[in-house]
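Thanks for coming. Let me put the structure up, and then I will go through it piece by piece.

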Protein chains: 2
Amino acid sequence: MLRLRRNFQHSRRFLLLNSFSTAAHPPPLHLPLSHPTYIVWGSNTSVGKTLISAGLASSFLLSDSPSHFLYLKPIQTGFPSDSDSRFVFQKLSSIYRRRHAPLSLLASDHVLNASLPVLNSISGCGIDDGSELAMCDLGRYEEQRLVGKEPGLGSRLICKTMYAWREAVSPHLAAERESGLVDDALVLQSLQSCLNSGMGASSEIEGAKSRAMCLVETAGGVASPGPSGSLQCDLYRPFRLPCLLVGDGRLGGISGTISAYETLKLRGYDIAAIIFADNGLKNEVALSSHLRNRVPILVLPPIPADITDDLMDWFDNSWSVFDSLKEIMLSAYSERLGRLREMPKKAMNIFWWPFTQHKLVADEAVTVIDSRCGENFTVFKDQGNEFMTQQFDACASWWTQGPDTALQTELASDVGYAAARFGHVMFPENVYEPALECAELLLDGVGKGWASRVYFSDNGSTAIEIALKMAFRKFSFDHGIHDTQESNAEAQRTELMVLALNGSYHGDTLGAMEAQAPSCYTGFLQQPWYSGRGVFLDPPTVYMHRGKWYLSLPVGLQPETLRFESALFCSRDEVFDEKRDRSDLAGVYSAYLSQQLSYSSKSKSLLGALIMEPVIQGAGGMHMVDPLFQRVLVKECQDKKIPVIFDEVFTGFWRLGSETAAELLHCVPDIACFAKLMTGGLIPLSVTLASNSVFESFLGDSKLEALLHGHSYSAHALGCTAAAKSIKWFKNPQTNQNINSEGRSLRELWDENLVYGISSHPAVKRVVALGTLFALELQTDGSSAGYASLYSRSLLLKLREDGIYTRPLGNVIYLMCGPCTKPDSCSQLLIKLLGRLDEFMSESRENLKSCHS
Amino acid sequence: MLRLRRNFQHSRRFLLLNSFSTAAHPPPLHLPLSHPTYIVWGSNTSVGKTLISAGLASSFLLSDSPSHFLYLKPIQTGFPSDSDSRFVFQKLSSIYRRRHAPLSLLASDHVLNASLPVLNSISGCGIDDGSELAMCDLGRYEEQRLVGKEPGLGSRLICKTMYAWREAVSPHLAAERESGLVDDALVLQSLQSCLNSGMGASSEIEGAKSRAMCLVETAGGVASPGPSGSLQCDLYRPFRLPCLLVGDGRLGGISGTISAYETLKLRGYDIAAIIFADNGLKNEVALSSHLRNRVPILVLPPIPADITDDLMDWFDNSWSVFDSLKEIMLSAYSERLGRLREMPKKAMNIFWWPFTQHKLVADEAVTVIDSRCGENFTVFKDQGNEFMTQQFDACASWWTQGPDTALQTELASDVGYAAARFGHVMFPENVYEPALECAELLLDGVGKGWASRVYFSDNGSTAIEIALKMAFRKFSFDHGIHDTQESNAEAQRTELMVLALNGSYHGDTLGAMEAQAPSCYTGFLQQPWYSGRGVFLDPPTVYMHRGKWYLSLPVGLQPETLRFESALFCSRDEVFDEKRDRSDLAGVYSAYLSQQLSYSSKSKSLLGALIMEPVIQGAGGMHMVDPLFQRVLVKECQDKKIPVIFDEVFTGFWRLGSETAAELLHCVPDIACFAKLMTGGLIPLSVTLASNSVFESFLGDSKLEALLHGHSYSAHALGCTAAAKSIKWFKNPQTNQNINSEGRSLRELWDENLVYGISSHPAVKRVVALGTLFALELQTDGSSAGYASLYSRSLLLKLREDGIYTRPLGNVIYLMCGPCTKPDSCSQLLIKLLGRLDEFMSESRENLKSCHS
């Protein structure tokens, strides 16, 4: 929760923060790991989930040491005649008495919320004002104290039903019919609250960590809808609790159990054990064989068919099975925790992380990522007590991420399908559906209007190397540097260079590096073979400060005749406005570039390609290049028949609010590279798109004239499948609510007032907010700037405490969401950032003081 | 089927071919597409699959034009009291009579094979000799002719039960209990035979393509075991027939239907429609919403509970639903065919295939790959009639492939899980299970004994660029070229080169290319920036000819003092024998290499790394370098503190019969690169492994000393998951039966006699058979050799007709299987190849003659 600070320096900010309701934002995920918690799933309805819960509870509680058992039934229909929590509560009491348990037991059953019809049926009176759409507080509580053989500390059974409806139908139907809707977030919030507080009493037991256990029992089958209509396997996914699957021992039960198991795995769940009641069909043999003994399978005696049976004999006969199950669950819990604990050290010992100075990484700085759910990581923390919590992936995992939780689930299903259908198959001279569909979508989307060919490769860097080969061939072709193979010798004497911008970045392989200006990445230490085969121009940049947009011109472009007013913009839209083509500045740019190009053409080496990141230079520090400058540059090059390459690896697929950054520039390239977000952020795949005339410069009678570049997994089916799904998902207003009515751009994700507030903060030098990107540069003195700077470190650590995972680019901090992220979530990020900026600044001042004293 | 040829030139080969039984090899897959064929699945038992089959059949047959309907029930238990084919046969007859169909109908039911207990129950006598383990020929046939209102051509209903057992239990239990086992291959073979011949009569109907339909009805649920115990969804997967899923309208049916749907998708099936009988729960609403309307969902009236009901009213009431279902199935069929037909042209128009001269690709040369199943592609063919057939992926899709069908299914499930659990998450300074497990397996496997760090990247080429950066830093560190950042300027003047072998290939990005000798890939046309930063040595090679192994020494290494006998080996093992270290040749190599290295050290540029593909140079033409030479070379370099890089991108993970080729060489590198087979051939992922001393040369106090190279999807969860599964699968004798008892190498996959035969063929110059690789070089005159040569083209086209998909390296042809491929399958490939070589040679002679005349 946002803790409001006292020392607000700007009254505007105070108003601003207050204007964002925090009520809609549940507390961040916090799942205790102090004791095992399992979720119980059924492979069908009526397979005996609750019997197994009761059996487990009794096996756990009937021991010699005081134990706590928490049984939670989040969703109950058919209430009050069906109440699983009451069943567990009652059976446990019966078993406790029957078996003369050593310790005393305090058992309780608590039903928290119920629909109006439930309330009416219990109270007997008919409250129904028709307007009520939510659930009512029921608070029905029963408890029973059972005395054991021995005196002293006793055990505790806490049973809770969170939400109850009256009709014995699927929860989504009951919720609809009884006007008792509960949305997914509320179910999770209540569940989390129960998980954290429900075991409250367990702290009473000294050192009793291993003597507490919690079960969450679902309703119906694994994919039965919850009250909102979401499938329960999706609804509970953010917690990703370890699972117990209750299988089906009947005819057809092998199939049902395997399918249910697969549905859970396809949601990223881990299943600790499968258990079911026998029906004499030996289903366990087929199941074990299929699962290759990876999951323990336990078989219970047949459940008596007679519904008047009190089941006491059955529980007696099942005792050893429940004991084994309990042991399996306890040891799976220990193993999981043990692994989580050892992971940081193991990682430190065997990984070689990219872009990481291992000497500077502390053991405790390693983040253990247990899973991802949409935009959030779930991370393991050990801060005295161990727990799972969530962090928003604000670095978008190196700018790759796009999926919300729904898309992640869809992608999992789609890549599973693609792997089963295709695995990977050879691409050249072949065609298969995912590659074709992906290519069609690309040419109808990011390549629309200019591109006619799709060249697949693996990542941004390889896509760039391919683009350069294409551009140079096209240039050679257009400028007669070679017409036939025979003139190769002459061609060898020609040195081709690129025209590029300082601060640009195009990838880490040598060919891509050669196309960028010298930097800390290119020195002898890093790449002895780098020589920098380009003419690198300083670009003019634009940025926001105190809510206004400024233009920063490089030295070579200082305006002499230019009126200064044109260097200020009231809005971002004005920056991108095509009307600027008729401004004085356009003329200045044009003259400057003409001069640069003609200067270059006099040298013995030729400029064979223009390469640039349209609009935003990412790795270079999230600098926004003046779009007018880039537009003029493209025109100048195309006039001189220098092929233009857009590196949209970072900017493509809605990263900057439009499907391509080229749209923002209002011009098209001859060649463009895409990667990162293209597969939705799931797996590596890149493409180089080319115009037809570029393609034609490779046609000839010999294979040697073809583009002889390729990678093993060219156009791999999984990548193309993920890309096709993501491309469609992002641009469809039905799946992406951020798409505006014309379908051409995303709505504004970063709240204007908050952006204004941050851009006015004294710790902040400049801000860029565009599409899914919010970046700021911290004010520093010179020594704290630059890529290797650790200046921003303390701020980042604070943000991680707030549940925001960011990575800096030196003293540039950025937040990056996905194309489908709700603006509300973005606001929460900005609010937390704003809060931490104050703290950061006062700390920096303290540091500064202590340095000077 | 292998057609034996008449003109055998070598009697030995004749014997050889005859010694391989073809009986065990079913005819290659051939699925007709002349009419729609669907497979009917149930989301549970007793959901009414057969009712729906009968309803569909009647909707299809009760039309104004003559129609043929084939209903197949491959697996029937509970026979004869349960017989779904008889049910369809009988109901159809009843419906036909009741609705006064216009055309006459000939309906038949045929039960082909049954278990002994079935036979006994029908014949009434007790045959039981106890020894019988197979099924018996039953051949029970019934037919009925129904006269319609109109005269003339009639319709035809053919119902067939392929295998029947008596007990009403799961087929695997029935087969076991009734000693009536049928293996999966036999089920498929019989089914294919029914699918191809069953509609035989349909050819009688002129132009009646759209008036024939076939249904294959499964038994039980989607994942119910078949007779062998394989799940039916796996058993039928090679055919990948379009599916009809019968859902479940009962309570819990949403979950069961979704899970069954997911199980089918996770096997790569396409589902044309979901249909189920209503139970008043509106399950279709929840299903539609979850499936986002991607699959039509149809709802039938509730099925009468009274089992004496003749269902005629129900069929009447269901008529419109079955009509809609039929229309959906017909149009899905047309759409699928339409798409298959248009794919080659579309591919030609928008793909830009790597390594492909588009001008030389004909429309009809494009292969439409519908799916992969283990080692085989399923491809769409139109040779007058349209059908699906299989081709063995003998190019291993650019050497990436490893999975058998079981591993492919497991990988699909695992990557689905990984996508759902992790998607992709940020790697640097983080740890997550798949990356850690993969790294641990690598260090305990291919890196065992020397590597201590794992650096992840995307493909072989990037892994090589990283390896070179590592080697150069280590070299600089060891040779004092820089100690601190400050001496960078001095370092800049040092030119570092690689020592490499001619004919080697390390990838297509510039840095990797610079480490290989000039070739057709490196000219100005292809890469204007290539300069060739290496000293490239000609390596001695070994090869087999007429069953013997020969050594081919390069000019610079011609033996003067060497006795010629040492240049001949009796066996491949002898080639790899470490005893050769004490041979005269070892001395010759050592002296030669010392000289080369000291010569190089006099030049102003320094040799900063040795890079080589151990044992086999892949892209260079499948040349086997003398392992003794490589071993001596490694030793010479390590003595001079020149870091050694093994490029195991092609050779790693059992490609050459050992987990690494380094094992064959009996020496270890300082740095090694792996990719391709590492993920089992599913998705791009590569690693560069390094020794601890290499890693330490990057430790320092500044981030600028770290290795600043990385790709967006570094250590992506899907790749690491696939790699971990594949690494374990390949080396585990329980999952890979090719692993020998010590677990160190694969058994011999290529039959010795067949290899001998091919190596003795007059069309063949040399042969290499090692691990999963069988390569041969065709005898050519000079003009037909080289990378761009089309000499082998006719041979390759013939092999495709035989169901073998290969790609040439100029005049080198290779067959490549996976580490788990059965030796028997390899023999089939060799037999076909041998057969085609004769043909190829006689054609070449003809061509030669016609050229000369």
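How many bridges pair strand S12 (residues 376-383) of chain B with S13(B), and in which sense, parallel or antiparallel? There are 8 bridges, and the sense is antiparallel. Before going on, the ground rules. This is a predicted model, in which local features need pLDDT of at least 70 and side-chain atom pairs count only at pLDDT 80 or more, while totals for chains, interfaces and linings use all residues. Residues are numbered from 1 along each chain as its sequence is written, and chains are lettered from A and ligands numbered from 1 in the order in which they are written.

On terms: helices (H or I, at least four residues) and strands (E, at least two) are DSSP runs, numbered from the N terminus. Two strands pair if DSSP finds at least two bridges between them.

Back to the hairpin. Between S12(B) and S13(B) there is 1 residue, and B:Gly384 takes a positive phi near 85° there. Within the pair, B:Thr378 has B:Gln390 as its bridge partner in S13(B). Strand S13 (residues 385-393) of chain B also takes 3 bridges from strand S1 (residues 30-32) of chain B, running antiparallel. There, B:Pro32 is partnered by B:Phe387. With strand S29 (residues 804-805) of chain B, S13(B) pairs in the parallel sense over 2 bridges, and B:Asp393 has B:Tyr805 as its bridge partner.

Next, the sheet of chain B. It is an open sheet of 9 strands with mixed pairing, in the order S5-S4-S6-S3-S7-S2-S8-S9-S10. Strand S5 (136-146) and strand S10 (297-300) are the edge strands, each pairing on one side only. From one strand to the next, the twist averages 20°. Inside that order, strand S3 (residues 68-76) and strand S6 (residues 155-164) of chain B are parallel, paired over 8 bridges. B:Tyr71 stands opposite B:Cys159 in S6(B).

Helix H2 (residues 49-61) of chain B lies across several strands, including S3, strand S4 (105-114) and strand S7 (212-217), and runs at about 175° to S7(B). For that angle, axes are lines fitted to C-alpha atoms, for helices over the stretch in contact, and angles run from 0 to 180 degrees between N-to-C directions. Contact here is between two residues whose C-beta atoms, placed from the backbone, lie within 7 Å.

Now the two chains together.

At the interface, 146 residues of chain B are in contact with 146 residues of chain A. Helix H12 (residues 405-421) of chain B gives the most to its side, 11 residues. That side divides into 74 nonpolar, 51 polar and 21 charged residues. In this count Ala, Val, Leu, Ile, Met, Phe, Trp, Tyr, Cys and Pro are nonpolar, Asp, Glu, Lys and Arg are charged, and the others, Gly among them, are polar. Strands cross between chains too: strand S11 (residues 367-373) of chain A and strand S14 (residues 430-431) of chain B run parallel, joined by 2 bridges. A:Thr367 stands opposite B:Asn430 there.

Two items from chain A to finish. Strand S16 (residues 495-501) of chain A has 6 of its 7 residues buried, so it is largely enclosed by the rest of the structure. Buried means 20 or more other C-beta atoms within 10 Å of a residue's own, exposed means 12 or fewer, and partly exposed is in between, with C-beta atoms placed from the backbone. S16(A) pairs in the parallel sense with strand S21 (residues 605-612) of chain A over 5 bridges, and 4 bridges join S16(A) to strand S17 (residues 534-537), also parallel.

By contrast, A:Lys149 is exposed, with 9 other C-beta atoms within 10 Å. A:Lys149 is in the loop between strand S5 (136-146) and strand S6 (155-164) of chain A. Leaving out residues up to four places away in sequence, A:Lys149 touches A:His100 and A:Pro102.
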